[in-house]
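Here are my notes for a first look at this structure. Please keep the sequence and the model open while you read.

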Amino acid sequence: MIEAVGLTKRYGSTVAVNDLSFTVKPGRVTGFLGPNGAGKSTTMRMMLGLDRPTAGKVLFDGKPYTELKHPLRTVGALVDAKWVHPNRSAYAHLKWMARSNDIPVQRVDEVLETVGLSAVAKRRAGGFSLGMSQRLGIATALLGDPGILMFDEPVNGLDPEGIHWIRRFMQRLAAEGRTVLVSSHLLSEMAQTAEELVVVGRGRLITQCGTEEFVNNATAAAVTVRTPQAERLREVLGARGFAVAPADPSQPDTLSVSDATTDQVGELAAEQGFVLHELSAQRGSLEEAFMRMTGQDVEFRTGSSDEQPGEPLAATTN
Amino acid sequence: MTLISVERMKLFSTRSPWWCIVVALGLTIGFAALFTSQLGGEMPTSVAMTQQGNQFGLIVVMVMAALAVTTEYRFGTIRATFQAMPNRVAVMLAKTAVVAVLALLIGELAAFGSWGMGWVFAPDQSLVLDTAAEWRQVVGPGLVFAGAAVFALAVGILVRQTAGAVTLVMIWALLAESLIQLIPTIGDDIYEWLPFAAAFRFMSGGGDSPMSQPLSEMPIGPWPSLVYFLAIAFGLLAVSLVTVHKRDA
């Protein structure tokens with residue numbers, strides 16, 4: 001369980017993170033989503049006590065990070081896979097980390113085995129490929145067998161095989177009952193990995209909700225229906241309270257019904273004896289919707305958030 | 001104790017400290033061998049004569065101490081360190097302890113090794129350690145090396161970049177202090193109170209050799225000079241610890 005309360009970071013007149021509050025619950029993967037520069041990494045560094053917040057605090061199972069006796073045993077984090085001395089072997093790197101938190105040294109071999117680095121454990125970490133470095137970073141996070149795990153952009157620069165491996169791995173960790181927070185700037189990536197989302201833009205919380213709910217809200221669902229009896233169907237749909245887009249003169253037999261499912265429209269058409277030539281669901285692209293929600297000059301609002309709507313994000317940097 | 005053993009593991013699991021040890025000992029003792037083998041009776045052998053090369057080792061040890069912290073910033077391992085051990089002041093104190101003890105050992109080995117070279121190349125009864133001043137000249141370098149390591153480490157913590165920290169430390173110890181001494185009228189008076197001037201006074205002053213400064217010309221005696229030097233080094237360390245505690249890692 002992670003609780004962030006009113007987290008704020010100011011660099012001079014720039015506000016990198018602005019009054020950010022969210023909670024991350026155990027047993028599922030939570031995505032920490034936002035475009036590049038939204039303050040995700042700064043937030044993670046503040047969570048780990050590396051950067052001092054201007055205001056606010058973060059609690060891990062009720063305690064701030066800096067008050068944990070053996071922090072690696074409570075919180076495992078991969079913030080940057082390059083935080084390894086290039087002339088130190090993977091084994092030596094994990095060994096000193098284990099020693100620092102009174103973790104038995106056999107655990108080093110276990111985590112190396114888990115991430116598949118046993119064969120190269122004694123080689124200098126500077127010669128590792130990006131994928132190997134990322135695996136070493138994950139081994140570091142797992143070292144203390146912590147109940148809480150945090151990963152900052154873990155799939156960045158990985159090949160499809162590596163991405164797949166990390167995705168499955170994080171889901172397995174969550175299934176074991178751990179709290180897993182993963183940051184990413186790709187909604188499509190998070191849609192496949194995370195069940196819950198904490199969405200930030202320009203250092204502010206946009207929403208915290210389920211991934212499905214976010215995707216549904218972000219990409220307004222519409223149904224396209226083509227029928228020779230278009231005008232008649234428009235009336236029936238209107239009478240049932242569906243919003244139908246105005247007719248497009250170039251395609252007089254096609255209707256676009258917003259906020260509806262193909263099930264609803266199809267059942268209604270059958271009930272009323274309509275002939276349908278086409279019935280399909282239309283979805284806006286995830287990336288488009290995400291950009292719209294996190295963009296700087298757009299007012300934003302999502303269904304599940306009780307945040308004040310109507311405040312332009314552009315106001316956050318003054 | 002955990003923190004100290006972690007810092008020891010970190011220091012010795014890379015190659016640079018090993019090279020620094022070899023170079024520091026090689027240069028100092030090698031210079032002593034060269035120096036004493038060329039005395040050739042023109043000058044009387046003395047304990048102070050065997051210790052002329054200590055500055056070599058001193059500089060290498062300071063570079064090693066600065067590197068011990070700047071490479072951590074260079075490669076981001078300082079963040080991994082603070083992530084594992086959030087008490088930054090304790091971490092830096094442990095690192096200081098490890099580096100200072102290593103510097104002390106290097107200093108002692110270098111000084112006794114150099115003294116041994118004297119026996120090899122210019123054996124003379126004057127090399128017997130029979131005065132307090134002679135003991136100080138041979139035992140002293142280790143203490144100065146340790147203090148200098150603390151000084152360089154503190155600069156490393158403050159500056160965080162290898163090039164900057166090493167340049168600062170070397171220019172100060174090798175150049176700045178001697179240049180200040182050249183300022184007319186006041187130069188000498190200021191020089192006497194500069195940290196490395198005090199350290200050199202402790203290491204080589206007050207002996208019976210013509211090359212060492214006589215006690216009567218010292219503003220404070222050799223041992224108070226050492227205390228003065230160490231006070232400056234630890235003062236600088238205190239400043240660096242406050243800084244590392246406050247700023248973002």
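1. Start with A:D145. This residue is partly exposed, at a relative accessible area of 45%. Its salt-bridge partner is A:R178, and the closest N and O atoms are 2.9 Å apart. A:R178 is buried, with a relative accessible area of 16%. Keep in mind that this is a predicted model.

2. Next, a salt bridge within chain A that joins two helices. A:E189 pairs with A:R167, with the closest N and O atoms 2.9 Å apart. A:E189 belongs to helix α7 (residues 187-193) of chain A and A:R167 to helix α6, so the pair ties together parts 22 residues apart in sequence. Are these two residues buried or exposed? A:E189 is buried at 7% relative accessible area. A:R167 is also buried, at 16%.

3. Turn to chain B. B:K95 forms a salt bridge with B:E7, and the closest N and O atoms are 2.8 Å apart. B:K95 is in helix α6 of chain B and B:E7 is in helix α1, so the bridge ties together parts that are 88 residues apart in sequence. B:K95 counts as buried because its relative accessibility is 5%, under the 20% cut-off. B:E7 counts as buried too, at 2%. Salt bridges with shared partners join B:E7, B:K10, B:E72 and B:K95 into one network. Over all chains, the count comes to 17 salt bridges.

4. How many salt bridges cross the interface of chain B and chain A? The rule finds one. It is formed by the side chains of B:D248 and A:K9, at 2.9 Å from N to O. On the chain B side, α1 (2-12), α5 (77-84) and α11 (222-246) each supply at least two residues. α5(B) gives the most, with seven residues. The chain B side divides into nine nonpolar, 10 polar and six charged residues.

5. Now the extent of that interface. Chain B contributes 25 residues to the contact and chain A contributes 27 residues. Between them the chains bury about 2400 Å², with 59% of it on carbon and sulfur atoms. B:F75, B:Q83 and B:D248 supply 26% of the area that chain B buries against chain A, more than any other three residues.

6. The largest nonpolar core has 143 residues, and A:M150 and A:F151 have the most contacts inside it. Helix α7 (residues 132-159) of chain B provides the largest share of this core, 12 residues. Another core, of 15 residues, lies apart from it, with A:V244, A:L255, A:V257 and A:V265 among them. Which residues does A:M150 touch beyond four places away in sequence? They include A:I2, A:M44, A:F60 and A:L181.

7. B:T96 is in helix α6 (residues 88-121) and is buried, at 6% relative accessible area. Setting aside residues up to four places away in sequence, B:T96 touches B:V150, B:L153 and B:L237. B:A163 is in helix α8 (residues 162-181) and is exposed, at 57%. Its C-alpha atom is separated by 40 Å from that of B:A122, 41 residues apart along the chain.

Methods:
Residues numbered from 1 in each chain as written. Chains lettered and ligands numbered in written order. Predicted model: local features only at pLDDT ≥ 70, side-chain atom pairs only at ≥ 80, totals over all residues. Heavy atoms only, no water. Contact = heavy atoms within 4.5 Å. Buried area = accessible area lost by both parts, 1.4 Å probe. Salt bridge = Lys/Arg side-chain N within 4 Å of Asp/Glu carboxyl O. Helix = DSSP H or I, 4+ residues; strand = E, 2+ residues; numbered from the N terminus. Nonpolar A, V, L, I, M, F, W, Y, C, P; charged D, E, K, R; others polar. Core = buried A, V, L, I, M, F, W, Y, C linked by side-chain atoms within 4.5 Å. Buried < 20%, exposed > 50% of the residue type's maximum accessible area, 1.4 Å probe, protein only.
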